[in-house]
Amino acid sequence: MEATYTTGIIYKIYDIEDPTQYYIGSTIQTLEKRFSLHKYTSVKADSKFYQYVRRVGWDRMKIDVIFHPEEPVTRRDLFKLEGDYQLEQNPPLNDNIAGAKIRIGHTKYCKLAYQKNSALREKQLKRQAHIDTCEVCHRQYQHGGKTGHIRTKFHQQALKEQLDIMINEQQN
Ligand SMILES: [Zn+2]
């Protein structure tokens, strides 16, 4: 039988100056302990969350409980709950939806979590590969490849159309 915990919580760590930037996690430790552990891990680990905190500093970050289940929960239950909150709230600083890897026994949940995770991973890979998006035609090109991109037919056509619109607007 799996161990259950009465101390399980879902928490949120957010930027006091910009609360739209937050991370959702779960723990069976106290808030204080979990917060210190994040601080410790953030020195080296390379997640979106830690990169963000290294940029703005821990002084701007605050941790709060968002849910404390009344009944004792297993670690697995808690991962599922954490994942539910992440799927619902879309926290911008999470890289992953909890529970997908450990195959929590809810098919629909796992499917959602997997889909979400692969979308997140794709975004991450794009960031890493330094893909830029053209402001004119909204196509993507490799960072540093702008010169080549603006010579493409597609870009030239989009540029021409936009110039035509501007000229028309000035004439009318
Ligand atoms: Zn373009």
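Which residues are buried in helix 2 (residues 48–56)? In this predicted model, Lys48, Phe49, Tyr50, Tyr52 and Val53 of helix 2 are buried, a class defined as under 20% relative accessible area, with exposed over 50% and partly exposed in between (1.4 Å probe, protein chains only). Helices (H or I, at least four residues) and strands (E, at least two) are DSSP runs numbered from the N terminus. Just after helix 2, Gly57 adopts a positive phi of about 95°. Residues are numbered from 1 along each chain as its sequence is written, and side-chain values use heavy atoms, with hydrogens and water left out. Local features need pLDDT of at least 70 and side-chain atom pairs count only at pLDDT 80 or more, whereas totals for chains, interfaces and linings use all residues.

An unreviewed UniProt entry annotates residues 6–95 as "domain: GIY-YIG"; such positions are given in the numbering used here, feature names are shortened, and annotations may be inferred rather than shown by experiment. The span 6–95 is 40% helix and 24% strand, and its end C-alpha atoms lie 27 Å apart. Glu88 is located in helix 3 (residues 75–89) and counts as exposed because its relative accessibility is 67%. Between Glu88 and Tyr5, 83 residues apart in sequence, the C-alpha to C-alpha distance is 24 Å.

Cys134, in the loop between strand 6 (131–133) and strand 7 (140–142), and His155, in helix 6 (residues 153–171), are 21 residues apart and link distant parts of the chain. Both Cys134 and His155 are buried.

Arg151 occupies the loop between helix 5 (146–150) and helix 6. Arg151 counts as exposed because its relative accessibility is 64%. Leu163 belongs to helix 6 and, at a relative accessible area of 41%, is partly exposed.
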